Amino acid sequence: MKSLGDLLVMGRIHALVTDLAPPGASGRYLVIFGTGWGIALTLTPVLGTRLLAHAGTTALWSAMAALCPLLAALHLRVTPEPARSPQRRASRERRSTKPVAAPNLRR
């Protein structure tokens, strides 16, 4: 199930992170995002298992049911509207297809 979710979501998430980055900083934004994602993938099983062992399945599922809408609302709050709009993505795609001049390597 996780692999299917990754397949459907990760491409869009990387595009969103790149859209949110200022020009020339997309690499740094992607590194920070990837590091945060890795930390989350490491801590989630540990913390989820501890919660399950100490509080039971009802507490685990209730915590997840409360966190998901809260995090979705937070995501919409912190993501600027232009990054979510199709017009901005289209304009960035047009800019990225321009040919880049090769550097002059002659001395």
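These are my notebook entries on a predicted model of one protein chain.

**Ground rules.** Local features need pLDDT of at least 70, side-chain atom pairs count only at pLDDT 80 or more, and totals for chains, interfaces and linings use all residues. Residues are numbered from 1 along each chain as its sequence is written, and side-chain values use heavy atoms, without hydrogens or water.

**Fold.** I looked up the secondary structure and found five helices and zero strands. Helices are DSSP runs of H or I with at least four residues, strands are runs of E with at least two, and numbering starts at the N terminus. The order is α-α-α-α-α.

Of the 107 residues, 11% are buried. Buried means under 20% relative accessible area, exposed over 50%, partly exposed in between (1.4 Å probe, protein chains only). I then checked contacts (heavy atoms within 4.5 Å). Among those between residues at least 6 apart in sequence, 44% join residues at least 24 apart.

**Surface.** The chain exposes about 8900 Å², by the Shrake-Rupley method with a 1.4 Å probe. Carbon and sulfur atoms supply 68% of that area. I noted a nonpolar patch of Trp61, Met64, Leu67, Leu70, Leu71, Leu74 and Val78, with about 730 Å² accessible together. Leu70 sits in helix α3 (residues 57-78). Leu70 is exposed, at 54% relative accessible area.

**Trp37.** I placed Trp37 in helix α2. Its relative accessibility is 34%, so Trp37 counts as partly exposed. Leaving out residues up to four places away in sequence, Trp37 touches Asp6 and Met10.

Methods
Patches are made of residues with over 30% relative accessible area and no salt bridge: like charges are joined within 9 Å, nonpolar side chains (Val, Leu, Ile, Met, Phe, Trp, Tyr) within 5 Å. A salt bridge is a side-chain nitrogen of Lys or Arg within 4 Å of a carboxyl oxygen of Asp or Glu.
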